[in-house]
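Please keep the sequence and the model in view while reading.

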Amino acid sequence: MKLLNYIKGKFEEPGSAEWMDNLSPSTGKVIGSVPLSGESDVKLAIAAAREALPEWSGMDPSGRAEWLDRIADCLEEKFEEIAYLESLDTGKPISLARSVDATRSVSNFRFFSEMIRDMEDEIYEMEDATNIVKLRAVGVGALITPWNLPLYLLSWKVAPAIGMGNTVVCKPSELTPLTADLLMRVIDEVGLPSGVVNLVHGNGNSGSMLTGSPDVDLVSFTGGTSTGAKVAQSASPQFKKLSLELGGKNASIVFSDCDLEETVKGVTRAAFLNQGQVCLCGSRILVEDSIYERFMEMFVESVESMVIGDPMDDDTELGALISKQHLQKVQGYVSLALEEGGQIVTGGEPCLPKELEGGNWMSPTVITGLGTETRCSTEEVFGPFVTVHRFNSEHEAIEIANNTRYGLAGSIWTMDLEKGRRVAENIHSGMVWVNTWLHRDLRVPFGGVKDSGVGREGGKWSLGFFSEPLNVCVRHD
Ligand code: NAD
């Protein structure tokens with residue numbers, strides 16, 4: 001598959017004439033080539049977005065909502081293709097690509113279409129004047145996304161961005177370009193006015209050309225914390241609107257009064273969904289001392305029963321890691337865990353399902369015996385790697401949970417819902433679930449604190465980020 005950029009309504013070869021290989025995570029084989037876009041490609045895409053801006057931002061919001069619906073309908077027709085391409089490109093199980101990636105990509109467009117259709121100006125009356133608050137487009141947006149949930153996250157940005165009247169240039173991860181290309185085919189098929197959505201493929205350099213461009217007004221970035229710092233540095237001198245959704249090292253806190261069977265299921269899912277490559281994954285498991293042994297017995301059994309295999313097989317629960325480089329990073333943490341005094345309870349080995357040699361395979365790994373200050377217990381690993389720790393009191397659980405530079409999410413498992421809420425309110429993060437995980441209502445704010453990011457996405461927070469409020473005050477004596 002040879003992919004092209006999408007600029008001003010046309011699929012174009014990169015002016016740079018440079019290409020990158022796209023590799024299958026499950027076999028290591030080349031499955032296609034992707035443009036490595038350079039300065040001229042990025043400039044053309046930004047210029048196309050700028051040219052399309054006046055007409056698009058001038059359209060009535062309900063007109064734009066109709067376009068979002070058309071995109072959602074067309075995506076829905078390609079539901080199976082989305083799941084197939086996402087599984088091929090990321091190495092994730094096809095069942096997950098259907099239930100999470102394909103489903104959410106469609107619902108992101110539907111959800112924001114409805115919100116934008118229902119949007120009204122706010123009115124504030126004074127004795128002698130009326131204030132109208134109107135949300136207007138910001139301008140040209142750069143939307144940069146990672147490899148773990150490619151279309152899920154790209155659609156989460158494109159839908160509210162164009163819905164609010166902005167025009168955009170997308171830059172998906174170079175490791176997973178396939179469904180971004182599919183979205184451009186959908187946009188082309190429905191006939192969205194040219195230049196409203198443009199896409200340049202490429203690596204971090206291509207991304208930085210976008211974020212640093214003086215012709216880009218807004219940057220919405222999801223990715224790693226260290227990349228987020230570079231993006232902030234390049235975007236801030238021009239005072240661009242900036243949203244950063246970054247890494248996480250989230251705690252799952254298991255109290256002795258939990259429903260143990262449900263908790264083990266939930267904590268296993270939170271630890272290893274998408275091979276642990278979700279920013280929200282609960283990769284530090286804190287267990288109350290009195291049930292530690294019983295929990296570990298059930299948890300290890302649950303982890304060892306997960307089916308690892310061909311991502312395209314319907315029964316597969318764990319697929320491949322995204323790249324050789326990432327696999328080496330995760331394996332490096334297994335060695336580090338031993339150096340830091342930990343024990344491997346299960347996993348820690350590369351595992352090669354039959355006929356998939358050459359892929360990036362690793363068994364789900366559980367580490368115990370580490371101090372809560374160690375690097376393995378506080379740094380984001382972003383793979384099938386969890387550490388388990390004991391605690392004795394609510395206070396201690398909160399202290400351990402907060403003992404990291406990240407602050408994205410967390411989950412608490414207890415039958416005492418009042419305690420669940422009380423503990424949740426003391427966790428320094430953007431989202432906390434009680435007796436559940438990744439239970440998403442698209443109306444609520446999504447995002448983190450500390451090194452997990454700046455700003456929020458979701459519902460009215462996305463509409464706020466992708467717009468500028470204008471206050472018109474009319475005096476009427
Ligand atoms: P990454 O930071 O390496 O890359 C993300 C994107 O940024 C890619 O498209 C990449 O090409 C681009 N990029 C790289 N350098 C750039 C630069 N200097 N300027 C502009 N763009 C640049 O992240 P990744 O490895 O693709 O994704 C994994 C990370 O993403 C993890 O840390 C994970 O926690 C995080 N993540 C966060 C969320 C969230 O919502 N908070 C969601 C998913 C993933």
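Is Glu317 buried, partly exposed or exposed? In this predicted model, Glu317 is partly exposed, because its relative accessible area of 44% falls between the limits of 20% for buried and 50% for exposed residues.

## A buried threonine

Thr414 occupies the loop between β18 (410-413) and α14 (417-424). The relative accessible area of Thr414 is 0%, so this residue is buried. The side chain of Thr414 is joined to that of Asp257 by a polar contact of 2.7 Å.

## Positive phi values

Most residues other than glycine have a negative phi. Two exceptions are described here.

Lys8 has a phi near 50°, a positive value in a residue that is not glycine. Lys8 sits in the loop between β1 (5-7) and β2 (10-12). With a relative accessible area of 42%, Lys8 is partly exposed.

Phe239 likewise has a positive phi, near 55°, and is not a glycine. The loop that holds Phe239 runs between α8 (225-235) and β11 (241-245). Phe239 is exposed, because its relative accessible area is 75%, and the limit for an exposed residue is over 50%.

Terms used: Residues are numbered from 1 along each chain as its sequence is written. This is a predicted model: local features need pLDDT of at least 70, side-chain atom pairs count only at pLDDT 80 or more; totals for chains, interfaces and linings use all residues. Side-chain values use heavy atoms; hydrogens and water are left out. Buried means under 20% relative accessible area, exposed over 50%, partly exposed in between (1.4 Å probe, protein chains only). Helices (H or I, at least four residues) and strands (E, at least two) are DSSP runs, numbered from the N terminus. A polar contact is a pair of N or O atoms within 3.5 Å; within protein, one must be able to donate a hydrogen and the other to accept it, and residues adjacent in sequence count only if both atoms are side-chain atoms.
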